Amino acid sequence: MKLGMHTLTQKRGLLFGGDYNPEQWPEEVWAQDAALMREAGVNLVTVGVFSWARLEPEPGKHDFGWLDRLLDLMAGHDIAVDLATPTASPPPWLGHRWPETLPVDESGTTLWYGARNQFCPSSSVYWERSLDIVTALADRYAGHPALAMWHVGNEYGQFCHCDESAAAFRRWLRERHGDLEALNEAWGTTFWSQGYGDWEEILPPRTAPYIINPGQRLDWRRFCNDQMLAHFRAQRDVLRARTPEVPVTTNFMGFFKPIDAWAWAAEEDVVANDCYPEPGDPLTPARTALTHDLMRGLAEGRPWLLMEQATNAVNWRPHNLPKPPGQFRLESLQALARGADGLCYFQWRASRFGAERFHAAMVPHAGPETRLHAAVRAHGQELRGLSRVAGTEVPARVAMVFGWDSWWALEDRGRPSDRLNADEQLLTYYVPFFERGVAVDVVPPGADLDGYALVVVPNLFLVSDEQAAWLDAYARSGGVLVVGPFSGIVDPRSHVRTGRFPAPLREVLGVSGEEWLPVGGPVRCRWSGGADGFAAGTWTELLAAEGAEVVAEFADGDLAGHPAITRHRHGDGLAWYVGTMPEPAALGALAERVLADAGVAGELPDLPPGVEAVRRGEVLFVLNHGTRDVRVELPGRADDLLTGAPAEGAITLAPREVAALVTT
């Protein structure tokens with residue numbers, strides 16, 4: 001069986017813990033920490049993420065004694081270790097002795113050491129030195145009883161525009177395109193006299209007088225993703241060769257634009273994420289749920305690990321709002337409800353010095369005798385009562401499609417409007433399903449859609465011929481398909497598909513357009529059949545129905561009487577097209593119609609505002625994200641695993657309260 005979260009949880013149950021940085025503390029504190037961890041129910045700690053300078057104080061000279069003692073201490077307290085390769089933050093000696101390892105930005109400015117992430121992913125010296133320390137770690141700790149998982153690097157996302165990166169980019173382009181003729185065709189270099197006659201002329205996208213060639217920028221993003229992923233693979237392969245029974249991971253950051261998470265997830269054993277919700281954003285509950293659903297999608301429906309979250313305020317926002325009591329528990333249980341089998345934090349003990357002195361921790365500066373640490377201990381203990389959740393899945397009959405290639409291509413400069421963004425469009429379409437307690441899987445273009453009654457494509461600007469055929473086949477075979485605006489516009493080279501748009505989806509949707517028309521204010525629309533109208537904004541399209549039923553049309557202006565939303569019978573299924581950006585209430589009404597078409601219902605009828613409901617295995621989680629007590633109607637009798645109390649017909653939840661219900 002492939003290594004995964006089950007490798008960690010089959011003996012330990014749900015995982016609970018966080019980053020531990022013992023090198024920041026005198027060794028007499030370590031024993032205190034180990035005892036506190038045991039009391040809090042901690043069973044997993046991440047160690048060594050930023051320890052390169054301590055592990056290798058000068059090139060080739062290793063100091064592992066302190067780490068030996070730390071891992072022995074953890075093993076003695078039955079606390080598993082997620083041991084990191086420290087390659088995300090090289091020691092000063094690397095940049096000082098080999099300045100060519102330092103990253104260079106688009107303007108040619110060298111980014112120096114003194115913070116973190118100061119490396120060029122293409123640097124041969126950086127690769128050599130980083131693989132040396134990884135090999136030394138793997139050789140030393142293979143077979144150590146504390147070692148449970150390898151954590152490669154940290155929050156990958158580094159770009160570099162130096163000459164060594166330029167040479168690597170050219171090699172990558174040769175492999176992708178073959179020859180200069182093909183590259184010039186792919187990039188459309190007849191525009192603005194950009195034709196390349198020699199490979200050496202090609203550079204990374206550096207600071208230029210005006211808009212960089214979009215084909216070049218798209219290939220650059222692909223290359224940077226591949227370079228970082230290659231570095232991850234190189235470390236992973238060293239670790240697997242020495243410890244084949246130990247899973248390997250790295251930490252994502254949700255919908256993080258620099259890396260294609262679909263490509264990365266396929267290369268690791270455990271999907272892990274860092275998640276720091278914005279306390280002041282009313283969309284935070286839905287945004288966080290969507291991020292968790294992405295992680296579950298990356299894990300192909302299997303459990304995943306919440307690697308980092310915060311018990312209270314972070315330090316890196318301009319104005320860091322604290323979390324009210326109970327909030328971090330609510331957020332942690334939300335992740336559990338949506339597929340996480342591990343709930344970890346940054347970090348165990350708050351740092352006294354350095355850039356993150358004011359980032360919250362499981363043990364705050366005021367010490368363990370605090371309400372915050374008491375809440376940490378209580379949460380760790382209550383997770384033991386939820387052990388039956390470990391390994392179970394979140395069933396979903398609705399899928400939403402999201403692709404990084406399309407995201408990169410859509411959000412380049414020079415488009416009709418920079419107010420239509422792929423990740424925000426995805427969230428906008430997700431919210432009405434979240435509010436209705438409908439579980440959603442996030443899937444990549446080309447995924448297996450068997451078992452999904454409804455597939456929603458909020459935006460897929462870049463569509464290959466194969467992806468267009470994939471969506472056509474889904475609807476034709478009986479599925480309900482919903483496609484949002486400005487989709488199917490360019491091919492994988494980022495060339496606009498000529499003719500009426502969306503050219504490759506025209507047949508399945510039964511509608512086509514001739515103009516994209518961003519708007520400066522609200523636009524009135526009306527539903528067919530005399531229902532109340534609604535407002536739309538930001539984006540409109542001049543469309544004509546070609547066999548599709550017009551469900552809503554624009555009510556005034558130049559587009560009056562033209563389709564805004566259509567519904568088309570295609571084969572045995574249905575395909576909807578939305579050629580504008582409706583207000584939330586209208587999207588909610590649309591969600592109800594497409595859910596009815598698909599025969600999909602939410603977990604609970606009439607879910608109160610601010611309440612989330614999601615089923616994982618046999619457990620129905622109900623979470624109150626609101627600021628008032630709410631009464632939630634239940635279909636029958638259930639027992640709450642968190643309180644041990646039975647519920648008959650309804651439950652009342654206080655703000656930030658959670659129920660984990662099993663029907664009896």
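These legends accompany close-up views of a predicted model.

View 1. Start with β2, which covers residues 44–47. L44 and T46 point one way from this strand, V45 and V47 point the other way, and all are buried. β2 pairs with β1 (residues 15–20) in the parallel sense over 4 bridges, and T46 is the bridge partner of D19.

View 2. How many disulfides does the model hold? The count is 0. For C162, the nearest cysteine sulfur is that of C160, 3.4 Å away, while a disulfide needs the two sulfur atoms within 2.5 Å. C162 is buried, at 11% relative accessibility. C224 is in no disulfide either, and its nearest cysteine sulfur, that of C160, is 8.8 Å away. C224 is buried as well, with a relative accessible area of 4%.

**View 3. S417 in its loop.** Look for S417 between α14 (404–410) and α15 (422–435). Is S417 buried or exposed? With 11% relative accessibility, S417 counts as buried. A polar atom of its side chain lies 3.0 Å from the backbone nitrogen of R419. Leaving aside residues up to four places away in sequence, S417 touches P518, T538 and W539.

View 4. The structure holds 49 salt bridges, including the one between R616 and D341, whose closest N and O atoms are 2.5 Å apart. R616 sits in strand β21 (residues 611–616) and D341 in strand β9 (residues 340–345), 275 residues apart. Both R616 and D341 are buried. R217 and E106 form another salt bridge, with closest N and O atoms 4.0 Å apart. This pair links helix α9 (residues 214–242) to the loop between α5 (92–97) and α6 (124–141). R217 is partly exposed at 26%, and E106 is partly exposed at 36%.

View 5. E507 forms a salt bridge with R476, the closest N and O atoms being 3.6 Å apart. E507 belongs to helix α17 (residues 506–509) and R476 to helix α16 (residues 465–476), so the pair ties together parts 31 residues apart in sequence. E507 is exposed at 56%, whereas R476 is partly exposed at 38%. Elsewhere, salt bridges link D293, R296, R338, D441 and E612 in a network.

Notes:
Residues numbered from 1 in each chain as written. Predicted model: local features only at pLDDT ≥ 70, side-chain atom pairs only at ≥ 80, totals over all residues. Heavy atoms only, no water. Buried < 20%, exposed > 50% of the residue type's maximum accessible area, 1.4 Å probe, protein only. Helix = DSSP H or I, 4+ residues; strand = E, 2+ residues; numbered from the N terminus. Polar contact = N/O pair within 3.5 Å; in protein donor to acceptor, adjacent residues only side chain to side chain. Contact = heavy atoms within 4.5 Å. Pairing = 2+ DSSP bridges. Salt bridge = Lys/Arg side-chain N within 4 Å of Asp/Glu carboxyl O.
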